[in-house]
Structure formats: C-alpha cells, structure tokens
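Student: I have a model open and would like to talk it through with you. Could we take it one question at a time?

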Amino acid sequence: MSTKLSIHKDFDLSSFNTMGVSSKAAFFAEVASVPELQEAIKFAKDKNLEILVLGGGSNILFKKDFDGLVIYNALKGRDFLSEIDLKIASGENWHELVLFCVENGLGGIENLSLIPGSVGAAPIQNIGAYGVELENVFLSLEAFMIDSGELKTFTKDECKFGYRESIFKKELKGKAVITSVTLRLSKDHTVNTSYKALSEKLLEKGISEPDIKDISDCVIEIRQSKLPDPKQIGNTGSFFKNPVISVQHFNQLKSEYQDLPSYPVTERQVKVPAGWLIEKAGWKGKRIGDAGVHDKQALVLVNHGNATGEEIWNLATEICLSISTEFEINLIPEVNLIG
Ligand code: EPU
C-alpha cells in the first residue's frame with residue numbers, strides 16, 4: 001500500500017473548526033481515499049496516538065490542543081444504488097447533498113437544508129431540524145473499524161439512533177471512522193410541514209401545497225434569519241441539547257412560566273427548548289469577553305473574535321449553573337468537547 005499521504009506536525013486547527021478557536025493538533029493528515037485513511041490510522045497506531053476525525057468541524061469545541069492525530073476527511077463521491085438509494089462518501093458537504101437531492105426531485109432531506117458539516121458527521125449525532133431527523137431516511141453506513149482494520153456495514157438499528165445520539169457518540173466513540181452513508185430518498189415524497197416555524201413561514205409566503213424545493217427554500221430562510229453564519233461569526237449551531245424533563249417538573253414550571261414551550265417525548269416526559277430557558281435566564285445577546293450568546297437564538301454560543309475554547313466553555317458552564325439554579329434543569333452540551 002503506497003499513497004501520497006502527508007502528515008503535518010503541530011498543525012493549526014483554527015480554520016478547521018467553525019467556532020474558530022485556535023488549537024493545535026500534534027499531527028494532521030488529510031485523507032481522500034480509503035487506502036489513505038488506512039495509512040493514517042496505521043501511523044496513529046504505530047505511534048500510539050489518539051485519533052480524531054474531522055469533517056466540517058461544525059460540532060466540536062477544542063478546549064485545548066489535541067495531542068493525537070487529526071484525520072481530515074476528504075472522501076468524496078455519490079453513487080446511486082437504485083433510483084432512490086444514494087450512497088454518499090462521508091467527506092461530502094451535507095448541504096450540497098441536500099441541494100443535489102432537491103434539484104433531482106429526491107425528497108426526504110429538504111428539512112435538513114443548510115445544516116453545516118459533512119455527510120459522515122450526520123449520523124454521529126443523528127442531525128435533525130424542522131420535524132425531520134436523519135434516521136427517517138437512513139438506510140446504512142460503512143465505517144472503518146480502527147481496532148480490527150475492517151470495513152463494517154451498520155444498519156439503522158445497529159446505529160442506535162436517538163435525539164442527537166448514536167452508537168458513534170457512545171460505545172463506538174473514537175473507534176470507527178464512517179466512510180460512506182446510504183440514504184433511501186423518495187420520488188413521490190410527502191413533505192413534512194409539522195414544525196411550527198416552518199408552517200408559519202409557508203403561510204407567510206402564501207404557499208399552500210409546498211414541494212421539496214419550497215420546503216428547502218423556507219428552511220434556508222428561517223435558518224439564515226436566526227442562526228449565525230459560521231463564515232461571519234464563529235459558532236457550532238446549538239451548543240446544548242434540548243433537555244428532557246418529567247411532566248411533573250414541566251407542570252410546576254408551567255404554572256410559573258405560562259409561555260414555556262414543550263414537545264412531547266413519552267407519556268411521562270417532555271422536551272423543553274434550551275434556547276427558551278437560556279433567554280429567560282437573561283443570557284441572550286450577553287458576552288463575556290469574546291465569548292457570547294447569539295442575540296437571535298440563545299441556544300447558539302458564538303465567538304465574537306478571539307475567544308479561546310476555554311472561554312467559550314467557561315461561558316457554557318456559567319449558563320448551565322444559572323439554568324440549574326433557576327429551573328432545576330441540567331443542560332447537556334450537544335457539541336463534542338476536546339480536552
Ligand atoms: N426560543 C426562545 N428563545 C431563543 C431560542 C428559542 O424562546 O433564544 C424558543 C422558540 O421561540 C421556540 C422554541 O424555543 O418556541 C424552539 O426554538 P427553535 O425552533 O429555534 O428550535 P430549537 O429547539 O431551539 C432545535 C435544534 C436546532 C434546529 C431547530 C429547528 C436542538 C439542540 N436544536 O433548536 O438544531 O435547527 O430545532 O428544528 O435540538 C443544531 O443542532 O445545531 C441546530 C441548530
């Protein structure tokens with residue numbers, strides 16, 4: 001096996017994470033093929049280095065330098081396995097895939113428009129937005145298993161998807177590198193307009209029978225109005241998960257805060273929007289140095305310029321403390337923390 005893989009030392013990761021914090025990787029390699037990936041993994045194994053795979057870097061916070069090998073995923077390609085089953089290499093950009101599907105009349109992921117990041121990152125946290133989650137269209141994925149060196153196929157059940165969760169964030173964290181994802185899309189798709197913000201936007205635009213392009217356009221508009229563009233201001237989308245609390249706890253809170261929104265989970269549990277809690281606690285638009293809370297969506301932490309990962313993390317910790325004191329709710333970060 002001989003490839004052109006080059007491995008860089010003390011590599012600056014500032015432009016490889018959308019929060020834009022400065023951090024260094026002891027070693028860095030960009031891989032554009034499975035043999036290159038294998039070579040990079042061998043390098044790490046030989047040197048006993050921890051491996052971190054980076055796609056778009058849009059859901060990660062570097063609190064300090066990374067002492068192992070960062071593998072930047074540049075695996076590219078799309079392959080139709082049938083008219084509606086599409087296999088996509090993990091290094092492809094997610095939003096470009098959504099646009100490709102919309103242009104080609106393939107429904108299923110239009111609600112997931114404009115989510116930053118790569119295709120390979122999508123199953124790790126089962127990305128979701130506006131009433132749709134990746135698992136709704138997911139068929140299978142292939143991953144390179146670091147310990148055994150095998151390429152393994154995972155079915156949907158094997159991925160153990162949950163709300164912003166999968167086996168790759170838990171048991172298999174750091175043990176598998178996703179190389180491709182296969183989605184089952186639809187040619188006669190019934191669009192999902194269940195999410196309030198989306199149905200309101202369609203109404204506002206006078207669209208009564210939306211097609212997948214209308215949905216994609218509306219989602220893009222909503223996201224652009226609320227969520228900061230990482231190219232303009234560093235951020236990682238939602239910083240926390242929406243917490244799930246008991247119905248009893250919710251009813252107590254609701255008697256005090258009549259406008260508290262909620263989404264049903266089970267008979268006994270509801271999900272409440274962390275953004276609402278953070279805003280209610282007075283954090284929206286606040287900043288400590290260059291670490292801030294976005295002024296249009298309090299669930300998003302932003303880097304106003306030169307915040308360090310540690311400073312963003314300190315702000316997150318302050319927010320957690322305040323939400324715990326005010327609502328007796330523990331917020332859990334949605335982003336992956338390094339360090
Ligand atoms: N809200 C506030 N103040 C805020 C933010 C939200 O009161 O500052 C309220 C809204 O008015 C609304 C509710 O909270 O009643 C929900 O807000 P929104 O529709 O903006 O969604 P979210 O629950 O805050 C989740 C996802 C987003 C996804 C949207 C739309 C999580 C952690 N986040 O946010 O995902 O785009 O729903 O489906 O589940 C991401 O994961 O990075 C992400 C952006």
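Student: Happy to start with a lysine. Which residues does K201 touch, not counting residues up to four places away in sequence?

Tutor: Keep in mind that this is a predicted model. K201 is found in helix α4, which spans residues 196–204. Once residues up to four places away in sequence are set aside, the residues that K201 touches are C218, E221 and I222.

Student: Is K201 buried or exposed?

Tutor: The cut-off for buried is under 20% relative accessible area. K201 has a relative accessible area of 14%, so this lysine counts as buried.

Student: Let's compare notes on a valine. Is V132 buried too, or exposed?

Tutor: V132 lies in strand β9, residues 132–133. Leaving aside neighbours within four places in sequence, V132 is in contact with G108, N111, L112, I127 and N192. Its relative accessibility is 7%, and therefore V132 is buried.

Student: How far apart in space are V132 and G68?

Tutor: In sequence, 64 residues separate V132 and G68. In space, going from C-alpha to C-alpha, the distance is 35 Å.

Student: On to the strands. How many residues of β12 are buried?

Tutor: Strand β12 covers residues 176–184, nine residues in total. The strand is mostly covered, and the number of buried residues is eight.

Student: What is the bridge partner of D85 in β12?

Tutor: D85 belongs to the stretch 85–89, which is strand β7. Strands β7 and β12 pair in the antiparallel sense over five bridges. In β12, the partner of D85 is R184.

Student: And what is the bridge partner of S140 in β12?

Tutor: Here the strand to look at is β10, residues 138–145. Strand β10 runs antiparallel to β12, and seven bridges join the two. The β12 residue that partners S140 is T182.

Student: Which strands are at the edges of the open sheet that contains β13?

Tutor: This sheet has four strands in the order β13-β19-β18-β17, with antiparallel pairing. An edge strand pairs on one side only, and here those strands are β13 and β17.

Student: Now the ligand. Which element gives the most to the shell around it?

Tutor: With three residues, the one that gives the most is α7.

Student: How many of the shell residues are nonpolar?

Tutor: There are 23 residues around the ligand, and Y130, Y163, Y195, E279 and A298 come nearest. Five of the shell residues are polar and seven are charged. The nonpolar count is eleven.

Student: How much of the ligand does the protein bury?

Tutor: Let's begin with the polar side chains. R164 has a side-chain N or O atom 2.8 Å from an oxygen atom of the ligand, and a polar side-chain atom of N242 lies 2.8 Å from a ligand oxygen. For Q297, the distance from a side-chain N or O atom to an oxygen atom of the ligand is 2.9 Å. Taken alone the ligand exposes 820 Å², and the share of that area buried by the protein is 82%.

Methods. Residues are numbered from 1 along each chain as its sequence is written. This is a predicted model: local features need pLDDT of at least 70, side-chain atom pairs count only at pLDDT 80 or more; totals for chains, interfaces and linings use all residues. Side-chain values use heavy atoms; hydrogens and water are left out. Buried means under 20% relative accessible area, exposed over 50%, partly exposed in between (1.4 Å probe, protein chains only). Two strands pair if DSSP finds at least two bridges between them. Contact means heavy atoms within 4.5 Å. A residue is near a molecule or strand if one of its heavy atoms lies within 4 Å of it. A polar contact is a pair of N or O atoms within 3.5 Å; within protein, one must be able to donate a hydrogen and the other to accept it, and residues adjacent in sequence count only if both atoms are side-chain atoms. Accessible areas come from the Shrake-Rupley method with a 1.4 Å probe; for residues, only the protein chains shown count as cover. Ala, Val, Leu, Ile, Met, Phe, Trp, Tyr, Cys and Pro count as nonpolar, Asp, Glu, Lys and Arg as charged, and the others, Gly among them, as polar.
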